[in-house]
Amino acid sequence: MAVLEMTEKVLEMTENKERQREIISYLINENLPFADRKVLQKELNDLMNTNTEEKMRTWMKKEARAIVGNRNWENMNIIEFVKLRHAGLTQSEIADFFNVSKSKMDNFVAIRENRSYYRKNFVYDLHRIARENWTDK
């Protein structure tokens with residue numbers, strides 16, 4: 001089942017890239033009216049954003065898998081949570097990765113021992129730099 005989903009995503013991405021190339025070839029044409037050019041440019045931007053979002057999801061899953069391995073949310077500890085945040089993942093992305101609600105994750109961080117460790121060890125600048133490095137790629 002998972003292989004089928006991956007195959008469908010690869011085909012979708014391939015079709016996306018083909019359509020992007022097709023639109024670029026139309027945009028290069030100098031005889032294209034402004035209204036058509038504007039519509040094609042918007043479609044191209046949408047396709048590129050979709051591609052970037054898919055790459056971001058793939059990157060997020062790889063980063064999370066590298067840090068926590070095959071652990072589930074119940075076996076998660078605050079040290080790994082801080083490492084995920086330093087890797088550039090947002091709390092929402094971490095919640096999505098583990099299929100838990102954001103409030104459940106917030107409760108995990110709010111536990112007294114976890115909260116004090118998080119406050120002492122989480123450096124927002126590391127998180128911000130990791131996010132910026134991704135957007136520069």
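## Exercises on an all-helix count

The chain has 7 helices and 0 strands; both are DSSP runs, numbered from the N terminus, with helices (H or I) of at least four residues and strands (E) of at least two. This is a predicted model, in which local features need pLDDT of at least 70 and side-chain atom pairs count only at pLDDT 80 or more, while totals for chains, interfaces and linings use all residues. Residues are numbered from 1 along each chain as its sequence is written, and side-chain values use heavy atoms, leaving out hydrogens and water.

**Exercise 1.** Find out where N16 lies and whether N16 is buried or exposed.

*Solution.*
- Step 1: Look along helix α1, residues 2-28; N16 sits there.
- Step 2: Check its cover. N16 has a relative accessible area of 7%, so N16 is buried (buried is under 20%, exposed over 50%, partly exposed in between, with a 1.4 Å probe and protein chains only).
- Step 3: Look for neighbours. Leaving aside residues up to four places away in sequence, N16 touches L47, T50 and N51; contact means heavy atoms within 4.5 Å.
- Step 4: Look at the side chain. A polar contact of 2.7 Å links the side chains of N16 and Q20 (a pair of N or O atoms within 3.5 Å; within protein, one must be able to donate a hydrogen and the other to accept it, and residues adjacent in sequence count only if both atoms are side-chain atoms).

**Exercise 2.** Now try another asparagine: describe the place and the phi of N99.

*Solution.*
- Step 1: N99 is in the loop between α4 (91-98) and α5 (102-110).
- Step 2: With 71% relative accessibility, N99 counts as exposed.
- Step 3: Its phi is near 55°, a positive value in a residue other than glycine. Most residues other than glycine have a negative phi.

**Exercise 3.** Which residues have the most contacts inside the largest nonpolar core?

*Solution.*
- Step 1: Recall the term: a nonpolar core is a set of buried Ala, Val, Leu, Ile, Met, Phe, Trp, Tyr and Cys residues joined through side-chain atoms within 4.5 Å.
- Step 2: The largest one has 23 residues, and W73, M76, F81, L84, L89, I94 and F98 have the most contacts inside it.
- Step 3: Helices α2 (34-68), α3 (78-86), α4 and α5 each supply at least two residues of this core, and α2 gives the most, with 5 residues.
- Step 4: Another core, of 6 residues, lies apart from it; I23, L27, L40 and L44 are among them.
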